Amino acid sequence: MTRAFLVVMDSVGIGGAPDADQYFNGSLPDTGANTVGHIAQACAEGRAEEGRSGPLHLPNLDALGLGAAVRLASGDATPGLETAPTGLWGCAREHSRGKDTPSGHWELAGLPVPWEWHYFPDTVPAFPEDLTRAAAEAAGTKGILGNCHAPGTAIIERLGAEHMRTGWPICYTSADSVFQIAAHEESFGLDRLLAMCKALAPRLHAMKVGRVIARPFIGSPEQGFTRTTNRKDFAILPPAPVLTNWVQDAGRRVHGVGKIGDIFSMQGIDSSVKGSDAELMTHLSRLVDEAEEGSLTFANFVEFDSVYGHRRDISGYARALEWFDREIGVIVQKLREGDLLVLTADHGNDPSWSGTDHTREQVPVLIAGRGAGEIGQVNFADVAASVARHLGVPAQGPGRSFL
């Protein structure tokens, strides 16, 4: 029996989505966005020197085929990423109508999203009056703060002090199908925040809003505010079985690392761990040592996206990629004979691009444990079908194995 490790590098897109012209950051279409390609070019040109220096250095990912995958997807130059691949590699495109977490992860797990998500308008207020009243009622307050599109870190900097003074929750959204609630872990209370999100989730899911997200933070107006790792996503349930269910229904164990448990509402998940990306890497390493034969470990590393992509921080994104490369190199060396490791992404978030939102891109598919070669351009759902085939469990949905 064999094991599988499916690792999502959140937002590590590689350009070239054929329908990118239908997705926008403000008024600019995502055509030409390329998260990895543009970071590599910025590093080579000396435009990413904060906390690091020189060309982008990703020897382990590049050996698995990252640079080759970028060139296949987009045709863009990849300075520093020019190694001949020794792994199995390719790129994948998404068919779901969305460039967000649920769309990408559901489809990677074998289920293209069968509906159009609901998005809130980029207006002030962003939410209808009945939803605003329901949010205040769930919080036990007379009103809410925010009620707009905003980056999460910026809105707590702007409204954190008022939130602590009034006790009103900060409610905001983005270009994704989300309703986010930020609140201070101590003055508002983490349990109270989670209860508020849980109470509102059914109403928002009925509207086809993909996620209600609790965004707790700590700090003070004098010292500043910092988001904590106690984020929780209350996600709409997938309407059909996905990879995690397929594996669990076959009598195998499924381990979620990061926000995977939240994304799938713990459907098909036996164990779940959270934390910073550094903590999650420790958990992934432990599971490579300890996970049962026949099991699936499904991991998401979110900080590429949440800390660097949305903030358009090229240097920070490059540092995160180089850290991940060093760590994943150790993981690859620890794999047992018969193990499969698939590295991929759920969408792009080009830090060189206009705006602050995700970018519609193809994603890398880098495979360790199945020899070397090119799989070409595949579909997101093919990832699930391939993992299922490796584990010897029946697959459902439109995906076709590339193994």
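This is a predicted model: local features need pLDDT of at least 70, side-chain atom pairs count only at pLDDT 80 or more; totals for chains, interfaces and linings use all residues.
View 1. The largest pocket has a volume of about 780 Å³, where a pocket is an open set of points on a 1 Å grid over the protein atoms alone at which a 1.4 Å probe fits, with protein on both sides within 12 Å along at least five of seven lines, and where the volume is the space filled by probe spheres set on points joined across faces, edges and corners. Two or more lining residues come from each of β2 (24-25), α6 (152-166), β6 (170-173), β7 (178-184), β8 (211-220) and α11, with the largest share, three residues, supplied by β8; helices (H or I, at least four residues) and strands (E, at least two) are DSSP runs numbered from the N terminus. By residue type the lining divides into ten nonpolar, 16 polar and 14 charged residues, with Ala, Val, Leu, Ile, Met, Phe, Trp, Tyr, Cys and Pro counted as nonpolar, Asp, Glu, Lys and Arg as charged, and the others, Gly among them, as polar. Domain 1 (4-114 + 239-391) and domain 2 (129-235) each give at least three residues to this lining, the bounds being those of an automatic or database domain assignment.

Residues are numbered from 1 along each chain as its sequence is written. Local features need pLDDT of at least 70 and side-chain atom pairs count only at pLDDT 80 or more, while totals for chains, interfaces and linings use all residues, and side-chain values use heavy atoms, with hydrogens and water left out.

**View 2. The annotated binding site Asp305, His310 and His358.** An unreviewed UniProt entry lists these three residues as "binding site"; UniProt positions follow the numbering used here, feature names are shortened, and annotations may be inferred rather than shown by experiment. Although the residues are spread over 54 residues of sequence, their largest C-alpha distance is 8.3 Å, and the lining of the largest pocket includes Asp305, His310 and His358. Asp305 belongs to helix α11 (residues 303-309) and is buried at 5% relative accessible area, buried meaning under 20% (1.4 Å probe, protein chains only). His358, in the loop between β14 (340-344) and β15 (363-368), is likewise buried, at 2%. Beyond four places in sequence, the contacts of His358 (heavy atoms within 4.5 Å) include Asp176, Asp305, His310 and His347.

**View 3. A further annotated binding site, Asp10, Asp346 and His347.** The unreviewed UniProt entry lists these residues as "binding site", and although they span 338 residues in sequence, no two of their C-alpha atoms are more than 7.2 Å apart, so they gather at one spot. Asp346 is placed in the loop between β14 and β15 and is buried, with a relative accessible area of 0%. Among the residues touched by Asp346, leaving out those up to four places away in sequence, are Asp10, Ser11, Glu94, Asp100 and His105.

**View 4. The second largest pocket.** This pocket has a volume of about 480 Å³ and is lined by 25 residues, of which Thr228, Thr229, Arg231, Val302 and Ser306 lie nearest its centre. At least two lining residues are supplied by each of α6, β8, β9 (224-227), α10 (277-290) and α11. The lining divides into six nonpolar, nine polar and ten charged residues.

Terms used: On a 1 Å grid over the protein atoms alone, a cavity is a set of points where a 1.4 Å probe fits but cannot get out, and a pocket is an open set with protein on both sides within 12 Å along at least five of seven lines; lining residues have an atom within 4 Å of a point. Buried means under 20% relative accessible area, exposed over 50%, partly exposed in between (1.4 Å probe, protein chains only).
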